[in-house]
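Subject: Structure for you to look at

Hello,

Please find the structure we talked about below. Have a look at it first, then read my notes.

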Amino acid sequence: MARQAPIRDVAPTVQRLRLRYAKRGRLRFSSHRDFQRALERALRRAEIPMAFSAGFSPHPKVSYANSAPTGVASEAEYVEIGVTERCDPAAVRAALDEALPPGLDIVEVVEANTPDFVQRLEASIWQIELPGLGVAEVEIAAQKLMAQGEVTVERLTKNGVRSFDARGPVVLLVVEPGPGCAILRAVVRHATPSVRPDDVLTALRQAADLVPPAPPRVTRLAQGPLDPVGATVGDPFTPDRAPLAAAKT
Amino acid sequence: MTVSDLVRRGVSVFDQLELLLPLVNKPIQYVGGELNATLKNWDDVQVRWVLMYPDAYEVGAPNQGVQILYEVINERDDALAERTYAIWPDLEALMREANVPQFTVDGHRPVGDFDIFGLSFSTELGYTNMLSALSLANIPLLAADRDDSHPIVVAGGHAAFNPEPIADFIDAAVLGDGEEAVLLITDITRDWKQAGCPGGRTGLLFELAKTGVIYVPALYEVDYLEDGRIQRVTPAAPEVPWRVRKHTLMDLDSWPYPKQPLVPLAETVHERMSVEIFRGCTRGCRFCQAGMITRPVRERSITGIAAMVENGLKKTGYEEVGLLSLSSADHSEIGDIARNLADRYEGSQTALSLPSTRVDAFNVELANELSRNGRRSGLTFAPEGGSERMRKVINKQVTEEDLIRTVTTAYSAGWRQVKLYFMCGLPTETDEDVLQIAQLARDVIKAGREATGSRDIKCTVSIGGFVPKPHTPFQWAAQLDHETTDSRLAKLRDAIRADRNYGKAIGIRYHDGKPGIVEGLLSRGDRRVGAVILAAWQDGARFDGWSEHFSYDRWMGAAERALAGQVVDVNWYTTRERMKTEVLPWDHLDSGLDSEWLWEDWQAALAEVAIDDCRWTPCFDCGVCDQMDTEIQVGPTGVTDLPMPKVPDHAPVAEHYAQLPN
């Protein structure tokens, strides 16, 4: 008997939907794999008519974009799913949000009307709360870091220790006061390897001896196209919404 | 409200814990937030339980026993239950430094604030994790040192059928099915609190003991003979019964738990939904404690099973359903169950599995039915004994022809890999019996190659060390020493590897014999073993079920210290055969099995005489049904159709709105 995948009627993908979700509160400690499992189960509970891949072990068609690290909260994570029946994005948002545990929240769903979505995720805005640090000392450290052209940091990845520049991709670094803490707001361009908030903190330690006395609380506020002039990040769904808006008028 | 209720407020410690979580491995396991979890208001109830599965979250969270009790208690208006699991050493160290107590994953409340701390022991290797939890919860390790401000510590699970080794650390133990037992304990505790806690903690324990179904070790005295054996176990007061009975839940259909299966965010060892299709087993395998202590067989009906599967899939979104029991193919209507479920979920990407499998061709047909959707990777069978003689000793009634016929059917149906489970160290076993495993594996591959005409088939042989357990016919047997176990396994490995023709198609998996000796000590130990557990824990023993944390030398060192000056030692507890007249540490704990019958069955084992299953042959007087006033509850029910609604053709969110113009 030959080892061939059974031939099935694989229902075609008729629509692709883009989801923006948030990882909030204690669920920021979920890893990307944890989220993947939770989402796939929620898709089943919500009875979303998922498209599946063919082959020995069919998988639901879900593509994940760059996910925030474990322990980091986020207001702007993105996935794309393929479905076999046309669905109302708003209904999918409500059903899926209901099926996910509180803390993993579906913020918005749009129909994918444009290609190259992942390429639009050019940069992120990170909010880094630093308990026990004052605005002034963080401000000085941030200025010191931004004054440098390049700061090489090391991080342990699954391929071993990697060295890379953690300064170059930082487009903006501002400090605001918060309750009992200083809040860093960083706009960071996506690069390879990606510069994560902990890399920025490592760079601050190396460049300006800034050492937070307690673990920082980090939240990704946005992901999307980088506006280099205003040093801010746009909404990556805007092009997908455009045809819909055009159709309605 | 009692005085201690004013002190024990159940205030969340999450804010303190949160600061530690970024510093530890897999923090998600400590934050809770499982789908279908319940969090009740502390002040709305009178009785508060914390339930622990004393192993890591990834092992404990899927545990069915804890999930069932969690739900049964939380369904009451006057009680709540939260869960806690063993904490890995990285977080334990940080918690001790920051003074964060053992917490529940539901409300992150301190474990020490609850009224009752229930622990479910599937295995004795969780005992040291109990001590870690007690210590982190600031509850005195020794029951004798606790006062009215501390929870009542209750042990359950299969290991609780001999709780003597942990008698110093627990306040009470429950034998058997927990559903009704937790309700009873809740009632007694509530009444006692409402009456103003008469007699304090001791008063409550006394009320529990008087029922005759809750064991309070402190209310029994153990006397020893000069040679170390037990002389007698006596109740310490006239109202305390001589023997404590196990609980037996009848009519599984009226207990369809879990109705709200927990779905953890963290990855766990069982990424599937489980439905228990029956409880108990009367196959009579003599090594099997589970089969002995869970009698009689009580089936869930075909309709009850179908409803639980449907409800569970809806509530969880799992894509796999396991039909659980001690021997699932033995359900009287398993054929219909498998066919109907396979029909119902065909094309839905839902996988069905029977985790425990029996050696016969019918079982392969079942597996074929359940794997219609395509996944045919491996099938597992458990002949347990390598030689025909050995299988008669253990009463595993499988012939070599049965096995060959079964695997031939399996390979012909497209299964490529067969896994075979065996044990090493069984009573009367010789090297020759174990070497027969190699011959059996060769015959399996040979039959598979002939049946399929292909060389692309595999057989994995997996061997566990036998540990004699209380309340089984082998409770009197000598455990094999680890040196002999290891040498037998080495000979078997060499025999398989040396085979040019078949060796490469046979995989072999086994562990060394040392952990089995510690398990044996804890399984058949008495109260004197408590000192060994405490010493081992003080020396750092934790997570003893994990080979990377287990240390045999640490346990042996602890035993030497703790048993110094005693006439007994580790060998006395493990490799020594017991005589009929010896008082066993668990003799006052009633599993329903008649000890005369157990002894006769032990003698029958030595004479290599098999006995049948009482579901299909007349009763052979094991004693359980008479003693416990229970009966076998099996089908067939005659109901063959599943009266279930069909899933709708269209998903509710699918909206057939007109295509928008481009």
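Predicted model: local features only at pLDDT ≥ 70, side-chain atom pairs only at ≥ 80, totals over all residues.

Residues are numbered from 1 along each chain as its sequence is written, and chains are lettered from A and ligands numbered from 1 in the order in which they are written.

Chain A

Chain A has 6 helices and 12 strands. Here helices (H or I, at least four residues) and strands (E, at least two) are DSSP runs, numbered from the N terminus. The C-alpha trace of chain A spans about 65 × 55 × 30 Å along its principal axes. Of its 249 residues, 40% are buried. A residue is buried if 20 or more other C-beta atoms lie within 10 Å of its own, exposed if 12 or fewer, and partly exposed in between, with C-beta atoms placed from the backbone. Among the contacts in chain A with a separation of 6 or more, 73% are between residues 24 or more positions apart. Two residues are in contact if their C-beta atoms, placed from the backbone, lie within 7 Å.

Where they touch, 11 residues of domain 1 of chain A are in contact with 11 residues of domain 2 of chain A. On the domain 1 side, strand β3 (residues 73–83) of chain A gives the largest share, 5 residues. That side of domain 1 of chain A consists of 8 nonpolar, 2 polar and 1 charged residues. In this count Ala, Val, Leu, Ile, Met, Phe, Trp, Tyr, Cys and Pro are nonpolar, Asp, Glu, Lys and Arg are charged, and the others, Gly among them, are polar.

Chain B as a whole

Chain B has 22 helices and 18 strands. Its radius of gyration is 26 Å, close to the 26 Å that the globule rule gives for 662 residues, so chain B is as compact as a globular protein of that length. The radius is taken over C-alpha atoms, and the rule is 2.2 Å times the number of residues to the power 0.38. The C-alpha atoms of chain B fill a box of roughly 90 × 75 × 50 Å along the principal axes. Buried residues make up 49% of the 662 in chain B.

Sheets in chain B

Strands of a sheet pair through backbone hydrogen bonds, either parallel or antiparallel. Two strands count as paired if DSSP finds at least two bridges between them.

One open sheet of chain B has 5 strands in the order β2-β1-β3-β4-β5, with parallel pairing. Its edges are β2 (79–85) and β5 (172–173) of chain B, each with a single partner strand, so one side of each has no neighbour in the sheet. Strand β1 (residues 47–53) and strand β3 (residues 116–120) of chain B are joined by 4 bridges, and B:W49 has B:I116 in β3(B) as its bridge partner. Helix α4 (residues 64–74) of chain B lies across β1, β2 and β3 of chain B, at about 155° to β2(B). Axes are lines fitted to C-alpha atoms, for helices over the stretch in contact, and angles run from 0 to 180 degrees between N-to-C directions.

Another open sheet of chain B has 3 strands in the order β9-β12-β13, with parallel pairing. Strand β12 (residues 320–324) of chain B pairs with β13(B) over 3 bridges, and B:V321 is the bridge partner of B:L352.

An antiparallel pair is formed by strand β6 (residues 220–224) and strand β7 (residues 230–235) of chain B, with 5 bridges. B:V222 stands opposite B:V233. This hairpin has 5 residues between the strands, and B:G228 takes a positive phi near 105°.

A helix and a residue

In helix α18 (residues 530–538) of chain B, the buried residues include B:V532, B:I533 and B:W537. Their cover includes α6 (127–136) and α19 (552–562) of chain B.

Leaving aside neighbours within four places in sequence, B:I87 is in contact with B:E92, B:M95 and B:L136.

Regards
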